[in-house]
Amino acid sequence: MRSCIVINGFRDAAIYALGVGACARDALDENELKYLYHKDGQQFIQVLPTFAALVSLESIPNISTIPGWQYDTRLLLHGQQYIEIYKPFPSSGCIKNKSSVSGLHDKGKAAILEVETLSYDESGELLCMNRATTYLRGAGGFSTSSHPFSYSKHPTNQVSAVKIPKSQPFAVFEDCTHPSQGLLYRLSGDYNPLHSDPLFAEVAGFSRPILHGLCTLGFAVRAIIRCICRGDPNMVKSILGRFLLHVYPGETLITEMWLEGSRVVYQVQVKERKRTVLSGYVDLNRLTSLLLQNTAQDLPIKVDCSSGKVTLAGK
């Protein structure tokens, strides 16, 4: 499936940044104002790398139209998102997407569907790749139990397993979502009523509308850019996020980060319920000079996530 997504000037990128909490605590935050404003013109604002997941949404095939395959859309859960970034995202222009089913697995009572989307800029250069994994409750059982159907066009080891270290985190960032966070985030194009309609959410098994998983992922990667990348979003090479549990708008997110070479392993916990809701990793193109020094010599460093400053411990 091919489609063309038009990014409406700077508005789409800026509204997305607000939707994942940029400048929510401080409208003058120099680490994040660049996603919303630039003194030389709005065409120069920077784009968060997780915006890449957003532009692929409208190109995902409507699987509810597949003949003979029935499922309740209210029972659909986003299980995982994998993103590869090949060049910085433009703040405006036409993005051309090519989507295909890259995996389908019969799990008995459920089905797992993987959709891969390649996004190209107006010149035809590849911008990013997204692979969304969706868990369809009640849609399994379409093959024999002795030989359940399983198809994948990509290597099973392409995406590494996430192992959370037992050591103390390299950095920790605490951020508050707003009670209306889901309503703000949905303005970026994900209008699933699970995130806005109380009755729909109740049928799906939740006490109230839940936050979009991709919104939580946006909060986590924004924290990593702030704490590890010293505010440079172009350091991000690839992103993996596994959605473990729902988040209610208004809850506090604690992102814990561990540095393993050029990979940042992370997990996100909800402070109020003390539950892990998201885990994954972010691969970086490079490390800052101070982080390279730390990696090579095992020097203790101190990360101030509120300011984005990284210094040698004791200095």
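**Reading a cavity and a strand**

Mentor: By class, three charged, two polar and two nonpolar residues line the largest cavity. Keep in mind that this is a predicted model.

Trainee: How is empty space found at all?

Mentor: A probe the size of a water molecule is rolled over the atoms, and this shows where empty space is left. Here, a search of the whole structure finds one cavity of 30 Å³ or more.

Trainee: How much space lies in the largest cavity?

Mentor: About 40 Å³.

Trainee: Which residues line the largest cavity?

Mentor: The lining consists of N31, E32, Y35, R222, I225, R226 and G231.

Trainee: Now the strands. What should I know about side chains in a strand?

Mentor: In a regular strand they alternate between the two faces of the sheet. Now take strand 5, residues 126-137.

Trainee: Is strand 5 mostly covered or mostly open?

Mentor: Mostly covered. Of its twelve residues, nine are buried, with under 20% relative accessible area as the cut-off.

Trainee: Which strands pair with strand 5?

Mentor: Strand 2, residues 76-85, pairs with strand 5 in the antiparallel sense over nine bridges. Strand 4, residues 110-120, also runs antiparallel to strand 5, with eleven bridges joining them.

Trainee: Which residues in strand 5 are the bridge partners of Q80 and L118?

Mentor: Q80 has T133 as its partner. For L118, the partner is M129.

Conventions. Residues numbered from 1 in each chain as written. Predicted model: local features only at pLDDT ≥ 70, side-chain atom pairs only at ≥ 80, totals over all residues. Heavy atoms only, no water. Buried < 20%, exposed > 50% of the residue type's maximum accessible area, 1.4 Å probe, protein only. Helix = DSSP H or I, 4+ residues; strand = E, 2+ residues; numbered from the N terminus. Pairing = 2+ DSSP bridges. 1 Å grid on protein atoms, 1.4 Å probe; cavity = no way out; pocket = protein on both sides within 12 Å on 5 of 7 lines; lining within 4 Å. Points joined across faces, edges and corners; volume = space filled by probe spheres on them. Nonpolar A, V, L, I, M, F, W, Y, C, P; charged D, E, K, R; others polar.
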